[in-house]
Amino acid sequence: MDIRRVAFDHPDAVKLNDEVQAEYAVRYGDEGDVTPLDPSMFEPPLGLYLIAYDAADRPVATGGWRSQDENDEGYSDGDAELKRMFVIAQARGHGLARRILGALEADARAAGRTRMVLETGNKQPEAIALYASSGYEPCVKFGHYRFHEDSRCYAKPL
């Protein structure tokens with residue numbers, strides 16, 4: 001498996017984002033995650049976006065982080081927000097999400113961020129299990145979905 005830094009608007013990132021949005025739409029019965037995102041949010045040193053490619057050079061997993069500081073959406077100074085963690089169905093169960101998560105945490109730590117935060121939903125039990133087993137704990141809700149009943153927020157010191 002080859003994990004590469006790419007731009008958030010790279011064609012492979014767009015393709016995987018479309019797939020994760022379709023999965024969110026099925027799970028939640030809506031249009032997917034409408035959190036406003038811009039490619040510049042994932043440019044180092046303020047963020048990072050990664051894609052894992054299989055042996056046939058197909059994009060199979062993705063994830064990124066973006067810097068956040070204290071604001072009216074509930075973030076704290078030094079936060080790194082995890083976004084768009086996703087593994088295609090055919091590549092699940094091989095530890096790709098855990099590898100990408102570890103790389104993102106290390107990069108955010110090196111960039112001076114002090115806490116990784118993420119928002120997921122109660123209809124993503126496998127995501128919740130990954131984060132809990134990686135040391136994330138429930139925290140005060142933040143971000144675009146902070147008032148949604150299905151939203152679950154987690155944090156981990158870096």
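This is a predicted model: local features need pLDDT of at least 70, side-chain atom pairs count only at pLDDT 80 or more; totals for chains, interfaces and linings use all residues.
Residues are numbered from 1 along each chain as its sequence is written, and side-chain values rest on heavy atoms, with hydrogens and water left out. Local features require pLDDT of at least 70 and side-chain atom pairs count only at pLDDT 80 or more, whereas totals for chains, interfaces and linings use all residues.

Helices (DSSP runs of H or I, at least four residues) and strands (runs of E, at least two) are numbered from the N terminus. Helix 1 comprises 18 residues (11–28), and its end C-alpha atoms are 26 Å apart, in agreement with the 26 Å that should be spanned at 1.5 Å a residue; the expected span is 1.5 Å times one less than the number of residues. Ala13, Leu16, Asn17, Val20, Gln21, Tyr24 and Tyr28 of helix 1 are buried (under 20% relative accessible area; exposed is over 50% and partly exposed in between, with a 1.4 Å probe and protein chains only). These residues cover an arc of only 145 degrees around the axis, which puts them on the same side of helix 1; the arc is that of the directions from the helix axis to the C-beta atoms. The face turned away from the buried side carries the exposed residues Pro11 and Val26. Helix 1 is followed by Gly29, with a positive phi near 65 degrees.

Helix 2 has 15 residues and reaches 21 Å from its first C-alpha to its last, close to the expected 21 Å. Its buried residues are Leu96, Ile100, Leu101, Leu104, Glu105 and Ala108. Seen down the axis of helix 2, they fall within an arc of 160 degrees and so line one face of the helix. Gly112, which follows helix 2, also has a positive phi, near 90 degrees.

The largest pocket has a volume of about 840 Å³. A pocket is an open set of points on a 1 Å grid over the protein atoms alone, with protein on both sides within 12 Å along at least five of seven lines; a cavity is a set of points where a 1.4 Å probe fits but cannot get out, and lining residues have an atom within 4 Å of a point. The pocket is lined by 36 residues, of which Tyr24, Met85, Thr120, Gln124 and Ala127 lie nearest its centre. Strand 4 contributes the largest share of this lining, six residues.

One cavity of 30 Å³ or more is found in the whole structure. The largest cavity has a volume of about 40 Å³, and its lining includes Thr35, Tyr75 and Glu81.

Notes: Grid points are joined across faces, edges and corners, and a volume is the space filled by probe spheres set on the points.
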